[in-house]
Amino acid sequence: MRNSEYQFVDTSADALVSLLIASYERLSGQTVQPASPERLLIQWVASILTHERVLNNVTGNQNIPSRAEGENLDALAELMYLPRRPQAQAAGCMQRFHISEPQKSAILVPKGTRVTSPGGLIWETVEDVYIKSGETFADVQIRCQTVGAAGNGYTPGQLNTLIDIYDYYSAAENLITSDGGADAATDEEFYQLMRASMDAYSCAGARGSYEYFAKQVSTEIGDVIANSPTPGVVKLYVLMEDGSLATEEIKAAVLAACSADTVRPLTDQVFVEDAEPVAYNIDFTYYIQTGNGKSAADIQVAVNAAVNEYIRWQGAKLGRDVNPDELRERLYHTGIKRIELREPGFLALRNDERGVPQVGQIGEITVISGG
């Protein structure tokens with residue numbers, strides 16, 4: 001969470017007016033009356049000075065990484081190991097292109113051949129691929145032309161509409177769910193990466209350094225834990241922002257980033273593995289106090305929103321204990337009177353230096369209004 005603005009100078013207009021009046025009366029030997037021209041002039045000067053003080057505070061805060069925004073934060077990154085904001089990345093997946101029947105010579109599906117998805121996004125092949133003589137299909141990687149997370153999540157078979165027809169075309173479909181797309185880092189994400197980058201001045205021998213290089217892969221990554229179960233072995237566990245375990249494509253990208261010769265110490269073996277999901281249920285009955293000014297429908301919407309916020313919070317970190325008190329806290333802010341919480345109970349999740357970390361994942365949700 002971004003820090004609130006730090007006040008370098010006082011911006012109270014009343015205090016400034018009082019200071020200017022006292023200084024004027026001391027220098028002139030005259031008393032400034034409430035409706036005198038001198039007071040009006042002093043108030044005008046005070047308004048200008050107050051505005052300048054506000055700008056001074058804004059400028060000062062834009063020189064503090066935890067408070068800087070936009071291009072100002074980008075400029076401060078030059079002082080860090082991470083000099084540039086991570087930019088948006090395009091999603092990709094493996095696509096299969098078919099022809100109607102085997103041919104005597106190879107059929108080219110050229111680089112840049114486009115397909116489209118139900119949502120209107122356009123994808124293109126990243127290299128030439130040939131359907132060999134005697135065969136009816138060939139596989140090649142495709143990339144979404146629209147960068148960002150919008151290209152993620154297209155399941156096998158959805159990318160099936162060809163834009164650029166090639167010889168003997170009959171069909172096309174994606175073989176795996178598209179993934180790897182990521183939006184540009186927000187100010188908060190960029191700031192956290194900047195802080196983490198201070199662990200990366202040497203190769204990734206330190207725990208924080210491995211975690212930094214892994215998080216650099218995608219802004220869709222929410223949490224990373226680096227463990228060393230045995231000497232010379234590093235195991236990375238990756239959790240996405242939505243609380244899901246990393247896909248094979250993300251894990252492959254993390255492994256590549258953390259296995260580079262400029263990152264990995266020569267004696268380390270690096271692996272990227274899945275954390276252990278631990279299921280928990282939510283089951284409670286809530287009661288409303290009459291005459292509290294909120295309708296039952298409004299409270300129901302607020303309760304459902306609080307439950308969803310809790311689920312996101314619970315799944316946002318590896319090794320975060322399943323804590324029913326956190327759910328209670330969020331529910332009580334919705335305006336309900338009382339809660340009978342049956343599940344979840346408190347459950348300590350593993351997050352140590354050698355074992356496989358655990359992550360809470362929601363099972364069944366039962367929310368009952370008791371009236």
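I start with the largest nonpolar core, which has 28 residues; Ile-221, Leu-236, Val-238, Val-254 and Cys-258 touch the most other members. A nonpolar core here is a set of buried Ala, Val, Leu, Ile, Met, Phe, Trp, Tyr and Cys residues joined through side-chain atoms within 4.5 Å. Buried means under 20% relative accessible area, exposed over 50%, and partly exposed in between, with a 1.4 Å probe and protein chains only. The elements giving two or more residues to this core are α3, α4, α5, β9 (221–227), β10 (233–240), α6 (248–259) and β11 (269–273). Helices (H or I, at least four residues) and strands (E, at least two) are DSSP runs numbered from the N terminus. There is also a second, separate core of 20 residues, with Ile-99, Ile-142, Cys-144 and Tyr-154 among them.

A word on the source. This is a predicted model, where local features need pLDDT of at least 70 and side-chain atom pairs count only at pLDDT 80 or more, while totals for chains, interfaces and linings use all residues. Residues are numbered from 1 along each chain as its sequence is written, and side-chain values use heavy atoms, leaving out hydrogens and water.

Back to Val-238. Setting aside neighbours within four places in sequence, Val-238 has contacts that include Ile-221, Leu-245, Ile-250, Val-254 and Val-272. Contact means heavy atoms within 4.5 Å.

Next, helix α4, residues 187–197. Which of its residues are buried? They are Phe-190, Tyr-191, Leu-193, Met-194 and Ser-197. Seen down the axis of α4, these buried residues fall within an arc of 165°, so they line one face of the helix. The arc is taken from the directions from the helix axis to the C-beta atoms. The buried residues of α4 pack against α3 (70–76) and α5 (207–215).

Now the salt bridges; the structure holds 16. Each is a side-chain nitrogen of Lys or Arg within 4 Å of a carboxyl oxygen of Asp or Glu. In one of them, Asp-187 meets Arg-85 at 2.9 Å, N to O. Asp-187 is in α4 and Arg-85 in the loop between α3 and β1 (92–99), 102 residues apart. Asp-187 is partly exposed at 21% relative accessibility, whereas Arg-85 is buried at 14%.

Another bridge joins Arg-342 and Asp-283 at 3.0 Å, N to O. Arg-342 is in strand β13 (338–343) and Asp-283 in strand β12 (276–287), so the pair ties together parts 59 residues apart in sequence. Salt bridges with shared partners join Asp-283, Arg-338, Glu-340 and Arg-342 into one network.
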